[in-house]
Amino acid sequence: MVSSATALGLTVATLAAFSALGFWYSRGRVRSVEDFLTARNSTGPRTTTATLVASVMGVWILLSPAEAGAAFGGVTAVAGYAVGEAIPMLAYARLGPRIRELLPEGHSLTEYALARYGPAVYLLVFVVSVSYMFVFLAAELTGITSALELVAGVPRWQTAVLVGGFVLLYTGYGGLRASIFTDTVQAALVIPLLVGTAVAALVTLGGPAAVHRNVVAADPSLLDPGFLTGLQFGFWVAIAVLGAELVNQTWWQRIYAARDSETLKAGFRRAAALNFVLVFVAGLFGVAARGYVDVVTDSTSAQYDASVAFFVLITEAFSETFALAVALVALLLVMSTADSLFNALASLVTTDLPRILDDPNDRTLTLSARALTVVVAVAAIYVSLRARSVLELFLLADLFGVAVAVPLLSGLYSERVTGGGALLAGVSSLAVGLAFFPNQLVRGLLTSLPVVGELLPTPAFLTAFVGTAAVSASVTALSARMSSSRFDHRRLAETVHSLDDSSSGYRDGDD
């Protein structure tokens with residue numbers, strides 16, 4: 001095993017280098033809270049594509065797809081995961097121009113939720129979006145701390161504090177501009193490194209024929225394109241990822257950061273293609289791991305290690321130096337996602353401050369954004385030290401996203417969806433999803449409730465996600481059909497304004 005001192009030294013050097021880049025680039029470019037939170041109309045086609053890919057491409061890409069391949073259904077599960085990551089990018093290629101058209105000076109999905117539906121839906125969307133991004137951040141930290149602990153015996157708390165601290169430094173200083181710039185550099189480095197790792201792994205493992213032979217010997221169903229378990233997983237995980245990403249503030253920020261609508265559409269479409277390929281290739285490592293090492297796939301076992309199947313394979317089949325190099329690639333992946341999530345979480349709250357404080361000035365808003373980034377970082381580090389399965393963390397957050405995505409975004413096009421209808425759709429579908437969700441913590445809480453615990457159905461991910469999506473869409477459509485009111489979409493632009501405006505970033509629709 002590589003010494004923890006060596007691994008820590010290289011970790012610090014990598015983190016320090018990118019922090020310095022973030023400071024250097026953003027110096028003098030963050031002149032207002034608008035610069036800090038949106039970097040409005042500042043990115044061209046290549047930069048837009050790079051930041052979209054890098055923001056998606058966290059360390060989870062080496063963990064969750066591989067876990068899916070090893071424990072949830074082989075190549076069909078991996079393919080479903082890859083499709084699930086590509087679809088949201090294609091959806092935003094269509095949604096993005098509409099969002100820019102209706103809210104030309106907007107910043108966040110919560111602003112839109114309040115202006116379109118009112119305070120009740122705003123609160124629901126705020127809780128869901130913050131929960132999803134926070135869990136995403138905690139899962140990223142969980143992944144990298146688990147990887148360095150496995151590869152070099154580095155205590156998890158040391159990795160978590162270092163990653164959170166350094167990313168916090170340049171994100172807190174440079175905001176979204178620093179994040180987008182470092183994303184571009186990270187994408188340029190990570191994509192070739194991931195491709196090189198895949199090729200090197202294939203050669204070292206004996207080539208495609210040897211990998212195929214070993215996996216078939218271990219479990220032939222892993223390579224069966226008709227394997228029902230894998231197909232079911234692929235289906236529901238695509239729903240899960242789509243719903244979650246549609247309430248991810250990270251993408252709403254980049255909608256406004258793109259130079260124009262054509263740049264936005266091109267960036268999201270290219271990101272969709274790249275994301276599909278990267279997730280699919282990464283997931284195949286989990287399938288390959290089953291043919292070469294003894295991966296524990298029983299999630300109830302204390303020895304469960306399918307969540308780090310990628311690194312189990314790397315440490316068993318490759319040299320220590322190679323394993324450490326891959327861990328450093330994972331570190332770049334964490335940074336590329338963590339900085340985006342820090343900034344996105346801070347922006348959600350900061351854009352709401354003008355409604356809470358009495359006409360805050362630009363300095364107050366910027367300082368608030370930075371302070372909130374610190375709070376988020378500390379909380380995510382704490383949670384990451386107690387989490388075990390990265391995929392389970394994601395799935396719980398995904399469920400909340402699936403519940404609110406349809407009612408939230410249908411309001412961009414439909415005039416008849418009301419706040420009451422959207423709230424009913426979100427809450428009712430979430431209740432259905434939680435009733436079927438097979439998570440020990442969720443199940444324990446629900447079974448402890450009087451009456452409810454006795455009525456709970458048999459848990460299953462497929463039923464939970466499909467049921468949530470179906471109820472959400474059905475209730476939204478039914479409530480819109482029964483509604484007699486009409487919403488004037490022009491009110492959105494009249495309500496939401498730039499945070500640089502002297503009258504603050506949000507105005508009552510009647511003003």
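Student: What lines the second largest cavity in this predicted model?

Tutor: The second largest cavity is lined by Val-121, Leu-124, Val-125, Val-404, Pro-407, Leu-408 and Ala-422. Helices H7 and H17 are the elements that give two or more residues to this lining.

Student: What makes the lining of the second largest cavity nonpolar, polar or charged by class?

Tutor: Val, Leu, Pro and Ala count as nonpolar. The lining therefore divides into seven nonpolar, no polar and no charged residues.

Student: Why is this space called a cavity and not a pocket?

Tutor: A cavity is a set of points where a 1.4 Å probe fits but cannot get out, whereas a pocket is an open set. By this rule the count comes to two cavities of 30 Å³ or more. About 40 Å³ of space lies in the second largest cavity, and about 110 Å³ lies in the largest cavity.

Student: Which residues lie nearest the centre of the largest cavity?

Tutor: Glu-85, Tyr-132, Phe-136, Glu-245 and Phe-394 do, out of 13 lining residues. H3, H5 (74-102), H7 (119-152), H10 (228-245) and H17 (390-410) each give two or more residues to the lining. H10 gives the most, with three residues.

Student: Why are H3 and H8 called roughly perpendicular?

Tutor: Their axes come within 8 Å and cross at roughly 75 degrees. Angles of 65 to 115 degrees count as roughly perpendicular, and therefore H3 and H8 are given that name. On the H3 side the contact is made by Thr-47, Ala-50, Thr-51, Val-53, Ala-54 and Ser-55, and on the H8 side by Ile-180, Asp-183, Thr-184, Ala-187 and Ile-191. By class, this contact has six nonpolar, four polar and one charged residues.

Student: Which helix gives the largest share of the lining of the second largest pocket?

Tutor: H12 does, with five residues. About 330 Å³ of space lies in this pocket. Of its 15 lining residues, the closest to its centre are Leu-202, Val-211, Leu-284, Phe-285 and Ala-288.

Technical notes
Residues numbered from 1 in each chain as written. Predicted model: local features only at pLDDT ≥ 70, side-chain atom pairs only at ≥ 80, totals over all residues. Heavy atoms only, no water. 1 Å grid on protein atoms, 1.4 Å probe; cavity = no way out; pocket = protein on both sides within 12 Å on 5 of 7 lines; lining within 4 Å. Points joined across faces, edges and corners; volume = space filled by probe spheres on them. Helix = DSSP H or I, 4+ residues; strand = E, 2+ residues; numbered from the N terminus. Axes fitted to C-alpha atoms, helices over the stretch in contact; angles between N-to-C directions. Parallel < 35°, antiparallel > 145°, perpendicular 65-115°, else oblique. Contact = heavy atoms within 4.5 Å.
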